[in-house]
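Here is a short briefing for a first look at one structure. Please keep the sequence and the 3D view open while you read.

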Amino acid sequence: MTKKKILLIITGGIAAYKSLDLIRKFREEGCDITCILTKAGSEFVTPLSIESLSENRVYTDLFNLTDEHQMGHIQLARMADILLVAPATANIISKITHGIADDLASTVLKATNKPVIIAPAMNVQMWLNESTQRNIKILKNDGINFIGPESGSMACGEYGEGRLSETNKIVDETLDFIKTYYSKPLKNLSAIVTAGPTQEMIDPIRFISNESSGKQGYAIANRLSQLGARTTLISGPTHLDPPIGCNFVNVKSANEMLIACENNLPSDIAVCAAAVGDFRVEKLNSEKIKKTGNVLNLELSENVDILKSIGTRNSKRPKLVIGFAAETSNLIDNATIKLNSKGSDWIVANDVSDGKVIGKNHNEICLLSNHGIENWPKMTKSEVANKLSQRIVDHFSH
Ligand code: CTP
């Protein structure tokens with residue numbers, strides 16, 4: 001195995017002292033680590049401690065003749081497998097967003113053709129500041145990756161979001177990113193993922209829907225795409241940004257979602273994570289329904305079950321069909337019925353009682369298949385997506 005090459009950019013915040021621990025941990029994992037230290041960063045850690053731990057030259061100046069001669073800034077920007085900015089201050093985040101290149105760190109970040117991961121660390125108010133949040137959104141859209149920040153107590157005595165993620169987490173996620181980015185284990189496969197709620201119109205301005213946020217389905221589509229699958233995300237209305245790299249199809253009703261799924265077959269993998277509305281109004285009112293002082297009766301008919309229609313197809317059935325089961329009671333019994341009746345290979349079952357899951361960031365699931373039932377501990381929806389996607393990789397590599 002060749003050594004993973006990491007270019008660590010250390011900027012000037014109190015969390016900069018943790019970069020020394022990061023260097024040590026990356027080296028323990030067998031990585032070759034080279035560092036750029038900004039002027040502000042050098043107020044917190046010294047070039048000497050970085051060089052001693054990394055056993056590589058530390059770079060600080062854009063206009064240093066010796067450095068430019070040994071390794072020019074363009075070469076520095078290209079030699080690594082990944083650029084990791086940790087800790088990343090609000091200032092460097094602003095500079096990257098706006099393309100400012102006025103020192104070595106920002107110039108290298110602009111000149112690189114390699115993936116960039118940012119691990120922010122700043123005071124909670126600086127993190128929540130509108131300009132920071134605007135910048136983060138732009139950078140995410142540009143395909144920059146983030147680790148953290150986390151919530152907790154801060155060096156300045158305040159409490160909230162903005163803490164640098166734990167160094168173990170940064171190391172694990174960076175190495176995992178490099179592995180998937182460069183190997184792309186699903187690169188020969190395609191996937192469709194349904195996500196979010198559907199909306200069933202009652203009249204021109206009213207609809208029946210549900211509280212699904214789409215977070216779990218979006219996280220799955222994002223991960224499958226990162227792993228190299230040609231991924232189509234078919235989504236009902238949500239407030240989320242479509243993941244980078246996915247083909248995105250926006251739908252409203254269950255029927256539109258069904259048609260979009262059929263239009264995107266054949267596909268190797270189908271993950272039905274959408275909270276599809278089970279019923280639609282039989283007779284759609286073309287005019288806004290007026291109050292009459294009486295009870296309003298709506299006649300509802302059942303929508304087609306998209307998962308079932310995909311799982312039980314005779315032709316173009318995906319090789320792996322995965323459904324979800326949202327239950328408020330008898331989780332395993334009800335999920336087992338869905339596994340068997342909908343022609344799905346796996347069911348991801350979750351207990352959605354008491355508002356535990358829908359719209360939230362965490363999920364606690366059981367994975368059901370013909371091989372049995374697995375209980376997964378409570379984790380974030382993106383962790384569920386990563387673990388499920390890894391299962392998909394394992395499935396296709398056997
Ligand atoms: N599903 C679907 N099309 C529907 C209804 C559900 O594709 N019209 C899919 C969901 O995306 C999910 C699975 O079926 O993968 C189970 O959905 P769930 O809401 O848990 O159950 P339902 O099948 O709707 O049954 P019930 O509401 O009676 O529990």
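The points below cover the ligand site, the salt bridges and some backbone features.

This is a predicted model, in which local features need pLDDT of at least 70, side-chain atom pairs count only at pLDDT 80 or more, and totals for chains, interfaces and linings use all residues. Residues are numbered from 1 along each chain as its sequence is written, and side-chain values use heavy atoms, with hydrogens and water left out. Helices (H or I, at least four residues) and strands (E, at least two) are DSSP runs, numbered from the N terminus.

**Around the ligand**

- The ligand sits in the second largest pocket. A pocket is an open set of points on a 1 Å grid over the protein atoms alone, where a 1.4 Å probe fits and protein lies on both sides within 12 Å along at least five of seven lines. To sit there, a molecule needs more than half of its atoms within 2 Å of the grid points.
- The ligand has 14 residues around it, and C272, A274, L307, F324 and K342 come nearest. A residue counts as near if one of its heavy atoms lies within 4 Å.
- By class, this shell holds nine nonpolar, one polar and four charged residues. Ala, Val, Leu, Ile, Met, Phe, Trp, Tyr, Cys and Pro count as nonpolar, Asp, Glu, Lys and Arg as charged, and the others, Gly among them, as polar.
- Strand 17 gives the most to the shell, with four residues. Helix 12 (306-311) and strand 17 (320-327) each supply at least two.

- A polar side-chain atom of D278 lies 2.9 Å from a ligand oxygen.
- A polar backbone atom of A326 is 2.8 Å from an oxygen atom of the ligand.
- A backbone N or O atom of V304 lies 3.0 Å from a ligand nitrogen.

**Salt bridges**

- The count comes to 17 salt bridges, each a side-chain nitrogen of Lys or Arg within 4 Å of a carboxyl oxygen of Asp or Glu.
- R27 pairs with E55 in one of these, with the closest N and O atoms 3.1 Å apart.
- R27 lies in helix 1 (residues 18-28) and E55 in the loop between helix 2 (47-54) and strand 3 (58-59), so the pair ties together parts 28 residues apart in sequence.

**Backbone features**

- Most residues other than glycine have a negative phi, and most peptide bonds are trans.
- A cis peptide bond joins G148 and P149, with omega about 5 degrees.
- The bond from L265 to P266 is also cis, with omega near 5 degrees.
- K184 has a positive phi, near 40 degrees.

Technical notes
A polar contact is a pair of N or O atoms within 3.5 Å; within protein, one must be able to donate a hydrogen and the other to accept it, and residues adjacent in sequence count only if both atoms are side-chain atoms. On a 1 Å grid over the protein atoms alone, a cavity is a set of points where a 1.4 Å probe fits but cannot get out, and a pocket is an open set with protein on both sides within 12 Å along at least five of seven lines; lining residues have an atom within 4 Å of a point.
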